[in-house]
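User: I'd like to learn how to read a few features in this model. Can you walk me through them?

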Amino acid sequence: MKALFTGTGAQRRNALRSAAIFVAVSLVSAAVSLFLVDNFSVLSRVDQFVQDWEIAGTFARPEAQDSDIVIVAVDEATLAQFPYRSPIDRQFLSTLIQKIASHQPALIESDFLLDQPTEQTKDIALAKTLRDTKVPLVISYVADKNAVTPEQKAFEDIMVPLKLRAMADQPTDQFGTARAVYPGKVVDGHYIAGVARAVAAKLGVKTPAQEVPIIWHGRPAPSELDRDPKFFKQYSAATAAFMPEAWYRGKIVLIGSDVTLVDRHRTPFSVFLPGEAGELPGIVIQAHALSQLIHHKISPVPGWQVDFAITLALAFLGAALGVISASLIWRAVALILFLPLFWAGGVALYHYANLMVGLMSPALAMVISFASMESLSGREARKQKAFIQGAFSRYVSPAIVDRMVADPSRMSLEGERREMTFLFSDIADFTTMSEQIEAVQLAHVLNNYLDGMTNLVMKHGGMVDKFIGDAVFAIFNAPLDLAEHQEKAVRCMLDMDNFSQEYRKKQHAEGVPLGITRIGVHTGVAVVGNFGSHARFTYTASGDAVNTAARLEGINKYFGTRLCVSGVTKAACTDISFRPIISAIVKGKTTALDLWEPLHDGVLEQGFLERYRTAYGKMTEGDGSLFDALNQTGSDDYLVKLHMDRVKKGETGTELKMTDK
């Protein structure tokens, strides 16, 4: 943030860009989380479960029973009086309404549908009671074609006067849970309100015409649960007619069924209350809806603006966790620890302040913004690494660049001693050739050559340490460990020989007198690291083993070979064919070093190779006659000629002291 005010122009632009990305990610995360929770059933169900748990769980707000509402329940004790369970005995219902009406309640609502005839005298008695009762009445009515046939609806219309009708529909959400107050609908040209709205209207209470969420009445406080665990006062219809007048006077009396498997609906209490306790009878659900309407309860669920603000706040927090410089593990732990605290705070807010904020959307927004910013930060880091690799891989080994990117602290001037295999290559008579062609052509020839050689080194896991004109210096087993580095270096040498020979033929065809490539390989312990000054340094190896490898490349000229490998390297290459060259005491050394030529498959006839090896074995004993025999067979092999020349000079054995580097 400081860079916005004190940084350079570029710094300010970068800071502004970062701030814009931060805000954009937070906004998008908040919007996406709200959309996902609203539109994807799995997330919607989790969100509803959390809210239902707040409504019905241990920490739900307790609430005393609504003193204005009384439920008269037709239960098992009531039904036991009659010869049939359904429809309800119309004479009993008629008498019940009359008895309750005599106690002067504010209103009576019957939740039983009168959609089919029973015993005629009883039906007539109930119809008369509905028309003659002076206390305001509301009778449940249904017109849905899926619920009643035309004949049933016609009977309903006869039994229930228009002014008493109330729609008994109970809407449920996609998960089958009752959550809304049914507003009503137009039937046969007349608008008929839902039960709760119709009762409220009879009492002179204005209610919203649209569907609104049910504000569920809280369960009684723990101290009251033992006395009466019901949400509302509830009496059995079997004895309700004999209750004291005071229990009904001025009350809203709702008559309905409370029987297992009959007119029961899943509610938010189903997530907490065991078994069928959370599946409330329709009449109890109507009581919840009616209670909120007549008492003008304000929904604890705030508008979308509050939910969006909270969701955005957590999206900002998640984005902040995604960009700070702390370890990813610690930031993830902080995120994981914060979310339960946020949820606990949301539950407490509902319990103490009657404010139910969404918990799923903010939590999801925080996770999305955290993951997004972490991903973008990682992308920026990858871009930075790509920049470093692009900038430096042209000058130093990609392996070194990778190591520098992965752990910059390792790029110190300190070295390490380790075993490595070193490869040196050089083009014969390159200086003479370079004087014979144009500079542009020379650059083209040399660059293509070095590019091919470099690719082969990298193919075999090596590191091109440096180019010295046309010479290539490569290291195997540094800076990273490389299994079987000796064999990989020799196989690289063989591939380089094939490549350079083919490239040489191509250049000759184009009139460029490119010389042969000579290669030397040796294994030994040396120091490798960054050598130089703090202002300028290079990663390279230094030591006697490096010098020996360089001399093996140069010694090829003396022996007529293109490839020369030390015995130390050869000993570790069990799957490559070699033939001995000589045991040379290179200049500056006192002990001989066995030198070997690695062989391409099929280059030498197997019989000749066996005779050569036998001749060399005899030569070690001081007998060079077998080389004379090989020479007389017409062999023009360069190593045969080398040993024949030595025999002619009177030299014996296979040890040779070199006088030149």
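User: Is Glu-374 buried, partly exposed or exposed?

Analyst: First, the ground rules: this is a predicted model, where local features need pLDDT of at least 70, side-chain atom pairs count only at pLDDT 80 or more, and totals for chains, interfaces and linings use all residues. Residues are numbered from 1 along each chain as its sequence is written, and side-chain values use heavy atoms, leaving out hydrogens and water. Now, buried means under 20% relative accessible area, exposed means over 50%, and partly exposed is in between (1.4 Å probe, protein chains only). Glu-374 has 23% relative accessibility, so it counts as partly exposed.

User: Which residue does Glu-374 meet in a salt bridge?

Analyst: A salt bridge here is a side-chain nitrogen of Lys or Arg within 4 Å of a carboxyl oxygen of Asp or Glu. Glu-374 pairs with Arg-331, at 2.8 Å from N to O. The pair ties together distant parts of the chain, 43 residues apart: Glu-374 sits in helix α14 (residues 360-392) and Arg-331 in helix α13 (residues 328-353). Helices are DSSP runs (H or I, at least four residues), numbered from the N terminus.

User: How many salt bridges does a search of the whole structure find?

Analyst: The search turns up 24. One of them joins Arg-179 and Asp-173 at 2.5 Å, N to O; Arg-179 is buried at 16%, while Asp-173 is partly exposed at 22%. Another links Arg-264 to Asp-258, with the closest N and O atoms 3.1 Å apart. There, Arg-264 is partly exposed at 24% and Asp-258 is buried at 18%. You'll also find a network of salt bridges linking Lys-153, Asp-157, Arg-165 and Asp-188.

User: At roughly what angle do the axes of α21 and α22 cross?

Analyst: Axes are lines fitted to C-alpha atoms, for helices over the stretch in contact, and angles run from 0 to 180 degrees between N-to-C directions. For α21 (residues 606-620) and α22 (residues 625-632), the axes come within 7 Å and cross at roughly 150 degrees. That makes α21 roughly antiparallel to α22, a label for angles over 145 degrees.

User: Which residues of α22 does α21 meet?

Analyst: With contact taken as heavy atoms within 4.5 Å, α21 residues including Phe-608, Tyr-612 and Met-619 meet Leu-626, Phe-627 and Leu-630 in α22.

Technical notes. Helix = DSSP H or I, 4+ residues; strand = E, 2+ residues; numbered from the N terminus. Parallel < 35°, antiparallel > 145°, perpendicular 65-115°, else oblique.
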